[in-house]
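Subject: Structure handover

Hello,

Here is the structure for you to look through. My notes follow below it.

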Amino acid sequence: MSSADLPPSKLGTKAHWDQVYSSELTNFAEIGDEGEVWFGEDSVEKMVNWAQDNVPTDPAPYVLEVGAGNGNLLFALCEAGYAPERICGVDYSEDAVKLAQSIAKSKATASPEEDAEEEEGPSTRSRADKIAFATCDFLQDDVAHIAGMQIAAESDAVAVWDFVLDKGTFDAIALAEKDELGRAPADGYPARIGRVVKPGGYFLITSCNFTEEELKTKFANGETGLRYHSRIAWPTFSFGGHSGNVYSSVAFQKA
């Protein structure tokens with residue numbers, strides 16, 4: 001499916017996500033509700049499992065999630081053993097960043113009794129606040145380097161991330177209105193992803209709007225410098241003589 005085939009929706013507007021995260025930030029402050037897990041906990045588990053199979057924790061990789069929302073995927077990576085000091089989540093909604101930071105602080109300051117109730121235990125929960133969350137309009141702005149990131153003077157100062165993730169962000173961007181020149185914002189997204197992935201690094205995306213083949217076409221090309229690496233299997237369904245998946249998860253590697 002081309003992004004041009006998707007009708008514009010409020011899900012593609014910053015105003016919608018600002019409202020969503022403003023509400024979720026209030027709910028977290030009042031009742032401790034961390035908010036919606038986009039695509040469900042199963043998607044988080046599958047993406048973390050893929051990471052564990054393909055992206056070693058030693059040496060610790062630099063990890064970036066574009067459109068991190070409440071940070072649930074990055075917290076799961078931290079719990080799986082990825083160094084939080086090398087993890088960054090960006091979102092264009094300021095309240096999403098505030099929510100993720102608040103949740104991280106809560107995890108880091110959990111009482112011993114709360115830690116005992118969690119499978120991951122205090123060794124990972126207590127470090128959640130080391131994850132960097134920042135406001136960034138990824139289509140327009142460069143992602144700021146995180147503390148401790150060593151950038152060689154002669155290297156590309158943008159392509160510094162070993163592992164980049166997207167869980168639903170491309171889907172939302174694909175629902176945005178075209179600009180005054182008739183350009184769909186989603187059409188420029190793959191190239192923006194390609195430019196931040198370090199050579200040899202990975203990009204993993206989970207989508208509900210695009211098939212595996214469509215994602216391959218959009219992201220594995222000369223403009224991005226990415227090539228298809230692997231896929232995450234999802235249960236299939238059949239309807240009207242056709243079969244498909246509710247979600248598609250595809251991994252790419254930078255040449």
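Pro59 sits in the loop between H2 and strand S1 (63-66). Helices (H or I, at least four residues) and strands (E, at least two) are DSSP runs, numbered from the N terminus. The peptide bond from Asp58 to Pro59 is cis, with omega near 0°. Most peptide bonds are trans, and most residues other than glycine have a negative phi.

Two notes on the numbers. This is a predicted model: local features need pLDDT of at least 70, side-chain atom pairs count only at pLDDT 80 or more, and totals for chains, interfaces and linings use all residues. Residues are numbered from 1 along each chain as its sequence is written, and side-chain values use heavy atoms, with hydrogens and water left out.

Now the whole chain. The protein chain has 9 helices and 9 strands. Of its 255 residues, 47% count as buried. Buried means under 20% relative accessible area, exposed over 50%, and partly exposed in between (1.4 Å probe, protein chains only). Take the contacts (heavy atoms within 4.5 Å) with a separation of 6 or more: residues 24 or more positions apart account for 76% of them in the protein chain.

Next, the cores. A nonpolar core is a set of buried Ala, Val, Leu, Ile, Met, Phe, Trp, Tyr and Cys residues joined through side-chain atoms within 4.5 Å. The largest has 39 residues. Trp50, Leu74, Leu77, Phe133, Phe163, Leu165 and Leu204 touch the most other members. Helix H1 (14-31), helix H2 (40-54), helix H3 (72-79), helix H4 (94-108), S4 and strand S5 (197-207) each supply at least two residues of this core. Apart from it lies another core, of 31 residues, including Leu6, Tyr189, Phe203 and Leu226. In soluble globular proteins, nonpolar side chains tend to be buried together.

Which residues does Ser230 contact, leaving aside its neighbours within four places in sequence? They are Trp50, Val250 and Ala251. Ser230 lies in strand S6 (residues 226-232). At 15% relative accessibility, Ser230 counts as buried. Its side chain makes polar contacts with the side chains of Trp50 (2.9 Å) and His229 (2.8 Å). A polar contact is a pair of N or O atoms within 3.5 Å; within protein, one must be able to donate a hydrogen and the other to accept it, and residues adjacent in sequence count only if both atoms are side-chain atoms.

Phe75 is in helix H3. Phe75 is buried, with a relative accessible area of 4%. Phe75 and Ala104 are 29 residues apart in sequence, but 7.8 Å apart in space, C-alpha to C-alpha.

Phe39 lies in the loop between H1 and H2. Phe39 is not a glycine, yet has a positive phi of about 70°. Phe39 is buried too, at 11% relative accessible area.

Last, Lys167. Lys167 is found in strand S4 (residues 161-167). Lys167 is buried yet has no salt bridge. That term means a side-chain nitrogen of Lys or Arg within 4 Å of a carboxyl oxygen of Asp or Glu. How far away is the nearest side chain of opposite charge? Glu65 is that side chain, 5.5 Å away. Lys and Arg count as positive and Asp and Glu as negative; His and the chain ends are not counted. The side chain of Lys167 does reach the backbone oxygen of Trp38, at 2.7 Å.

Best wishes
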